Amino acid sequence: MIEHQNTSYRILYWGALVVIMLLLCACSAPQTYTSSPEPSTKPTQSPSVPTVTATQSSPQPSPTLTRTQGPSPTSTALPPLAQRRWQTNGLIIEAARLITDPLGFFSYTPVFILYGDGQLIVRECEANVCEYRQGQLDEIALCQLINAIDRTGFLNADPDAFQLPTGTDNTFRLSVAVDQENIVTLPNLEQWIESPNWYAAYAGCTNCYPEPIIDPAFIDLFNLLRSYDTSSLTSYQSTRLAVSITDPVIAGTPQVWPEELVPLTELVEGSTCDDSDHQHQAVILEGAQAQALAELLSSQNGLPPIFTDGENIWQVQSKWLLPHEMPQTCQSPAGIYPPSTGTLIAWHCKPEMGALPTQTPTITPTPSITPTPLR
């Protein structure tokens, strides 16, 4: 009897022991799962994604070459300034209008010229009256302008980075020549910047042409030159007058050519091209002859005047010239032609010299895009 009881006690003891062990195992399992390093092996490590993104968005060699839809002045991030050294006796900056006017002879109108010696000449217009203003830039002022141009990205821009619908015969040329050089000629640049919807009125329809594409670097450079502070510049007085003598393209009563001026037949002879009966070149006058003729033509209002010497009728126009500017000749188009020989001037622009502000200014529309005889 006692042995039977002992056997029962053993069974109960071992049964209880098994139950306790099972309970202990059940209680310890969550602790083992919580302390497991398994979560750290899950694919939640995102640093690899930003790394790839950063590589894709890092500055490219020529970020300004990316074409932006529409003529928007918004440009890419400013590139770092470069240290530049060069020598020149020519043009550093040229901004000019190239216009084909059936009533006019002079198609070239410079509006911002920086010569190799630091001479700056800027065209300003107010209330349909235009004049040229000049100044002499020292190395700091010149380099601050060049550094500002550097920030626009123009020097590295693709000169063909634009797509514009066929427009008028009004184009704009931008040229910068330092240790790098870039030249771009864009049709109707001023109109696209000042009045982006101008073409719809010109074409007589909307949404009938592709959206214009202009590299922001071209717009930024145009705005930079347009907003240049000219308060320290003084009036430029030219001494060379270009005179054109052509067959009349307008109707009107001709005026008698004053006898005190250079003979009209002499001007006609000088304007004739030997290789063509229809091509003409401008004649350059200086001194008292230039002043007297300029005063006569400036007193005329309206269309270009026509004159007669008693036998023939001619249309006469004039334009004051900038240094090294040449009007249209029998061999070459109008433009500025600095001497190819002479003393070279060395320029050295450093990033620490700073740069002019490059924010987009408020543009006042040009009163007229027709070349006006200036002085």
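A contact here means heavy atoms within 4.5 Å. Among contacts in the chain between residues at least 6 apart in sequence, 74% join residues at least 24 apart.

The model is predicted: local features need pLDDT of at least 70, side-chain atom pairs count only at pLDDT 80 or more, and totals for chains, interfaces and linings use all residues. Residues are numbered from 1 along each chain as its sequence is written, and side-chain values use heavy atoms, with hydrogens and water left out.

**Overall build**

Of the 375 residues in the chain, 40% are buried. Buried stands for under 20% relative accessible area, exposed for over 50%, and partly exposed for values in between, with a 1.4 Å probe and protein chains only. The chain exposes about 21,200 Å², of which carbon and sulfur atoms supply 55%. Accessible areas come from the Shrake-Rupley method with a 1.4 Å probe, and for residues only the protein chains shown count as cover.

**Disulfides**

A disulfide is a pair of cysteine sulfur atoms within 2.5 Å, and by this rule the chain has four. With bonded cysteines counted along the chain, the pattern is 1-2, 3-8, 4-5, 6-7. The table lists the S to S distances for pairs including these.

| Pair | S to S distance |
|---|---|
| Cys125 and Cys130 | 2.0 Å |
| Cys143 and Cys349 | 2.1 Å |
| Cys205 and Cys208 | 1.7 Å |

The torsion about the S-S bond of Cys143 and Cys349 is about -80°, so this disulfide is left-handed. The pair links distant parts of the chain, 206 residues apart: Cys143 lies in helix α3 (residues 139-152) and Cys349 in strand β20 (residues 345-349). Both Cys143 and Cys349 are buried.

For Cys125 and Cys130 the S-S torsion is about 110°, and the disulfide is therefore right-handed. Its two cysteines fall into separate classes of accessibility: Cys125 counts as partly exposed because its relative accessibility is 26%, whereas Cys130, with a relative accessible area of 14%, is buried.

The disulfide between Cys205 and Cys208 is right-handed, because the torsion about its S-S bond is about 50°. Cys205 is partly exposed at a relative accessible area of 25%, and Cys208 is partly exposed at 45%.

Definitions and conventions:
Helix = DSSP H or I, 4+ residues; strand = E, 2+ residues; numbered from the N terminus.
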